[in-house]
Amino acid sequence: MIDFSLPDTQPAPVMLVRSWPNQAWLQRWLLPNTILILSEQALLDVVERPELVEQLPVTPYALHAELKLLDIEELPATIIQLGAARWVEMTLEATSYIVWDETSDV
């Protein structure tokens, strides 16, 4: 795992999704500068079906600690792993931080 600071950028919204988002949700909520963190079932889905990442207009992130909790050993190369320190920084710098339990209803 590499835990790094991103270059100075404009504050952006952070969205953590627990279930895989459908196309309607992606079009409505995912702006080009959004930081998307995959969690729980969304993370398990993309490990099982790596081609799902191609649906996303942004590069997704995953929390390193959650990978350990879910016993995920291999992650698609297009997903960036976040350490705890960088996740806290992103949270504090975010214009908004939203946790989505269910994205299919939106």
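Guide: A contact in this chain means heavy atoms within 4.5 Å. Residues are numbered from 1 along each chain as its sequence is written, and side-chain values use heavy atoms, with hydrogens and water left out. The model is predicted: local features need pLDDT of at least 70 and side-chain atom pairs count only at pLDDT 80 or more, whereas totals for chains, interfaces and linings use all residues.

Visitor: What share of the contacts with a separation of 6 or more comes from residues 24 or more positions apart?

Guide: Such residues account for 61% of those contacts.

Visitor: How are the helices and strands of the chain identified?

Guide: They are DSSP runs, with helices being H or I of at least four residues and strands E of at least two, numbered from the N terminus. The chain has four helices and five strands, in the order β-α-β-α-β-α-β-α-β from the N terminus on.

Visitor: What makes W25 and W100 an aromatic pair, and which geometry does the pair have?

Guide: Rings of Phe, Tyr and Trp (its six-membered ring) pair if their centres lie within 6.5 Å; planes under 30 degrees apart count as stacked, over 60 as edge-to-face and the rest as tilted. W25 lies in helix α1 (residues 23-29) and W100 in strand β5 (residues 97-100), so the pair ties together parts 75 residues apart in sequence. W25, W29 and W100 form one aromatic cluster.

Visitor: Why is T34 called buried?

Guide: Buried means under 20% relative accessible area, exposed over 50%, and partly exposed in between (1.4 Å probe, protein chains only). T34 has a relative accessible area of 5%, and therefore counts as buried. T34 is found in the loop between α1 and β2 (35-38). Leaving aside neighbours within four places in sequence, T34 is in contact with P13, M15, W29 and V58. W25 and W100 are buried as well.

Visitor: What makes the phi angles of E40 and D71 worth a remark?

Guide: Most residues other than glycine have a negative phi. E40 is not a glycine, yet has a positive phi of about 45°; D71, also not a glycine, has a positive phi of about 60°.
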